[in-house]
Amino acid sequence: MIMAPENSQPTELINGNGDFNELGFKDFIRGAAASIPVIAIIGPQSSGKSTLLNHLFRTNFREMNAIYGRSKTTNGIWIAKAPHIEPLTVVLDLGGTDGKEKGEDDTAFEKQSALFAIAIAHTVIINMWCSDVGREHAANRPLLKIVFEALLSLLAPQKTTLHFVVRDGNNIGIPSELLKCNLKEDIEKIWEAVPKPPGNEGTLLTEIFNVEVTVLSHYIYMRHEFDEEVVQLQKQLISHNLDLSTSKISLSSAKKTWDIIKEIKGFKAPRNYRLMVATMRCEEIAMDKLRLFQSDQEWLEIEKSAKTKLVIDFGAKTKSILAKYLSEYDKETMNFESSTIGGYDQQVHKVRSSKRQDLTVKALKMVYPAYMNTLGHLRSETLQSFTTQLKARIQNFSLSAFESYRTCYDSCVLQFDLQCSEYATIEEANWKEEASTVREQLLHEIRNCTLNQLRPMELINGDGDFNESGFEDFIRGAAASIPVIAIVGPQSSGKSTLLNHLFGTNFREMNAGTGRSKTTNGIWIAKAPDIEPLTVVLDLEGTDGKEKGEDDTAFEKQSALFAIAIAHTVIINMWFCEIGREQAANRPLLKTVFEAMLPLLSPQKTNLHFVVRDGNNTGTPSELLKCNLKDDIEKIWEAVPKPPDNEGTLLTDIFNVEVTVLSHYNYMRREFDEEVVQLQKQLISHNLDPSTSKLSLSSAKKYWDDIEKYKGFKVPPYRLMFATTRCDEIAVEKLNLFQANQAWLELEENAKTQLVKYFGAQTNSILTTYLSDYDKETINFESGTKGGYDQQVHKVRSNKRQDLTVKALKVVYPAYMNTLGHLRSVTLRSFTTQLETRRKEFSLPAFQSFQTCYDSCVMQFDQHCSESATIEHAQWGDDASSVRKQLLREIKEHALNQLREELSISVTTKVLNVVKDCSVMDIWSCIRSYMESENETAKLAAAGISAAENEQIVKSENEAAKLAVVSKFAAENEQNVRSENETAKLAVVSKFAAENEQIVKSENFATENEQIVTDLEKHARDRVVSCFKDEAPYVDKLLSQRYVHALAPRDDNTMPTKEEAYRQCIDILSEMAVIRLDDTYDVVQRVLRSELPIDANSGDGISLSSRTWENVPPQMTVITPLRCKEIWTKFKQEMDDRYSIAEKFEEEDRFSIAEKFEESQQLSGTVTRKRSLPKWVISVRKWAIYGLSIVGVAPFKILLYRFPKLVYKLAKAIGIARGMVAVLGNGRYMYSATEEELKEDDIPSRHPRLMEALQEHLNTTYKCLTTGQGILSLTAPVAA
């Protein structure tokens, strides 16, 4: 084993800035064994840590020189080898905690170094003063709690010995075993309060630490005992490390451990404490003021009644009220003005200004009601008058309180009654009962006004309740000017004991035999007996008590400010070992109280008397201690923000600062008693000539009420503020990481241009990753921890997680909406494709294919939404529903467009067929009948489309019944729906409407049907109008065809006259002139029949010069009267000319046919079989010649094909003329070539040769007509 060198000098392992001395450490452990025992020490600054290590291990760590004051000695972490210790032991000396040099905020290095010591040392000595036992900050309770939290979360701890060394703890009246028991209980409670990570929920303290406690005697007064106890302690410490299987310390592990600890963000408060306080306090004050302004609406409601209740011109004070509360905000946030000293003050000032601006903007339109209770004021003023009169009578007339009571009572009660009548009587209001209640309360308070006993009285309890009645009795009969002395200081520091020795009071003292704990609760008051003049003494509850923990310090600050407000002298009691420390010396407390004092109070000059306990004969000169204390108080005062009226105020303008150092109460009792006598004289001399008294019922109660209302003391607990800030920072960090995530960026980019499959699942996976990371990094703020504020901490954690989720979803939302848009587009394309396919494959109308395609595509959309557009944590059902509704609207519109297209084709075809069908005389009657059938078809289609779109109606309470009816309807009427028979369709629709009456009666459903039907009907009507207007320019051709058809032979083989044909053409012209969907407009036909010329005896058309028809709307007019006249004049002239040409040609044709027929009869050879040419042959051929002459060969052929009987008849006539058909007589005819008899009902296609002859004859005849040639012999005679 390697022995340590004789002169082993300490090495700086880690400096105060956290830099690890890697090279020095490598040289330090070079050549050492693999297993090295390590002992470290932590504790408050200037508590003798280095001195203890040097006595224990003969090291040479630097010790504090008490002559130069109490300040930081060890900076950072130093390491040394213990000479003459077997086995070789390494000792770590850590910089002290709670040092004033770093202040209240910069505690990160303390926590880092403490965790480092626990991580690498086998034994950690926790050095502490006996007076620190039972206290919060002085005993390093918050430090240990935070270190334990980080130890479990970040490291894999090996078992470590925690050895508490209590200094100056023997022979002070408290048993050592009780101290040890208290310490072990404290460490157990700290461990229980630490949140455990998932793998360590049930971990016990004993599994991680061995806890030992040693109590040492006083280093100065009991040096011999101290040295002996150190030797025993050394043996005990070395025995802990005799059997070490592995070493905790090596170059790699120590350096790695320190690097891990430095990265712990939990040790580094994200912002200056003052900045966090400023942010939360300014926001709280602003919210408070805003809430006051928001109550204006309620005040406006009672303003009318308030005008009759002595509230005068309140409305005119609105502006001043607003200014008042802005001023109150300024006063309450004066602590955060930029004139203060510190690195964050500009940020603090910016926070203050920003919150004020927010308050101003929000409060501009609000007013704040300020109504003071008149009866309450009268009662307070009367009671104050009573106490004043009673004091005056006692002093001036030397009367007792009881003797003065009756006189003052009668006077004040009479005063109250008169003022109630004058100022508190409201007309038309019955408030006598309220006035009587207040009067009885006043009488009760007056009766309780008795002289106070000398025993201590609880003035304010621990909950902050002011004992108003007891205080009134206490000061009754006292002089107007009462000297007041108060004492503040740490818990269990001997405050009550000191007051009892100074003034002979009887305040309750701590029983050292039962342990160190809270004794004085709240604020107690007593009169000092045998002290002239009468002096009142206040004993305040101790600060830094473990019972309230690290956060609940509001009452400490309130009571300290109250003491300064009413006392002429305030004693600040402290241990000498606390000088130079931060929390233990009450520096934050004094700073906070000074900040609140200037804006809240109008301070009179007060004596601050520091009493340093156990400070003599400690090695540090008393004068140096006094100098250090005065310097500290000056620095605290300089750092305090001053209101505008006190900007240049010096500490000496407000306070006289004195310092007294007392000897040890146990070891130097005689010196202590002598110094107390001198201190008493000094304190009384301060108060011999107070010009005015600070103490009275009204001022004390008012001071306390103002102080209690001051929210600057009620700062949220550090853990709550820390949780708020840390959770917010972690949430912001995770949001930034989410926004920068490469997978998400690719998803977001792709979602802009295309449908991303499983978009929702991929997004949920990425988002869940960062939410899980947030949960892991904020596990320390889970509600499983113990403490008064844990529910609030947990709520902060949950709220910040919710905020993170909401903000992340805002990032996701555009991509989500793009995905829904793509789904909508894809589904719509699928619908149009399916609908078109079904129409082609099944030849179904659009509305009949709609339902099947609709169900398929909507199901497809819903399924894709579930797979690709479901985002966890998002309440986006309305957005998906909106897109779905848009899709349904688009599907519906597409279906309606298809239906309109079908309807257009159907209407156009039908109208043109009717117009061009020469057999139809009443065109509009046919069209109206057709439109009615089409309207019924539209209604059926509308019902199908609306039923699909309004699926929620179909899925109502009678879902099963409705579906049954619809299924039955579909099954029974499938063939009928597809039938072209419009009457059948109408019957089906009627049956459907009857069976589904409840569905049709639905308001939304019926409205939707009506809209669709109306739209389709309008579309059909527009199409009809368009067809007629399109055909109007060609009406002359239509008239020509009608004219030819009208000349066709009758069944009796006679031909109509051309005048009869003209009359039919006039009727057709009247049909084409006006749209007659809703009205017949018979006037048009009458006018045309009477005015258009047919023969010499008919009209001349002179009256047809107008451009409008009588009683016919212009929009219904297709051909004007004037245009009708023009068309008819031209048509008739042309028909007359062609008719004349056709007559000449027909006469030649008739003789030619007769001759040929005669020849064919002679060729037959039998006279008895000779037949005459039938008259119908002449009339049919004559009609054909007229038709060819008037309309031409192609139109005539088209006209023939529409009348198969005329075609067959004309073909037989041509055949007879050509000898292809023989006349048998009695209306019987025979085909000459085959001797097959031609039947009357034969169709032309059965006789192709006749049809060929007909085609040839028509073409030849038309050629002759157009060229002027004579009649040719078209056929050779054929024998029958």
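View 1. The model is predicted: local features need pLDDT of at least 70 and side-chain atom pairs count only at pLDDT 80 or more, whereas totals for chains, interfaces and linings use all residues. Residues are numbered from 1 along each chain as its sequence is written, and side-chain values use heavy atoms, with hydrogens and water left out. Arg352 belongs to helix 12, residues 345-363; helices (H or I, at least four residues) and strands (E, at least two) are DSSP runs numbered from the N terminus. Apart from neighbours within four places in sequence, the contacts of Arg352 (heavy atoms within 4.5 Å) are Cys282, Tyr329, Asp330, Thr333, Met334, Phe336 and Glu337.

**View 2. Ile120 is a buried residue of helix 3 (residues 108-120).** The relative accessibility of Ile120 is 1%. Ser253 lies 133 residues from Ile120 in sequence, with a C-alpha to C-alpha distance of 8.4 Å.

**View 3. An open antiparallel sheet is formed by 3 strands in the order 15-16-17.** Its edge strands, each pairing on one side only, are strand 15 (1221-1225) and strand 17 (1236-1238). From one strand to the next the twist averages 40°, with axes as lines fitted to C-alpha atoms, for helices over the stretch in contact, and angles from 0 to 180 degrees between N-to-C directions. Strand 15 pairs with strand 16 (residues 1228-1231) in the antiparallel sense over 4 bridges; two strands pair if DSSP finds at least two bridges between them. Within strand 16, Tyr1231 is the bridge partner of Val1221.

**View 4. The largest nonpolar core contains 101 residues.** Such a core is a set of buried Ala, Val, Leu, Ile, Met, Phe, Trp, Tyr and Cys residues joined through side-chain atoms within 4.5 Å. Ile927, Phe1028, Tyr1043, Ile1119 and Phe1196 have the most contacts inside this core. Helix 41 (residues 1175-1191) gives the most to the core, with 10 residues. Ile927 touches Val911, Val914, Val1024, Phe1028 and Leu1077, not counting residues up to four places away in sequence.

**View 5. The chain as a whole has 44 helices and 17 strands.** Of its 1280 residues, 52% are buried. Among contacts with a separation of 6 or more, 77% join residues 24 or more positions apart.

How values were computed: Buried < 20%, exposed > 50% of the residue type's maximum accessible area, 1.4 Å probe, protein only.
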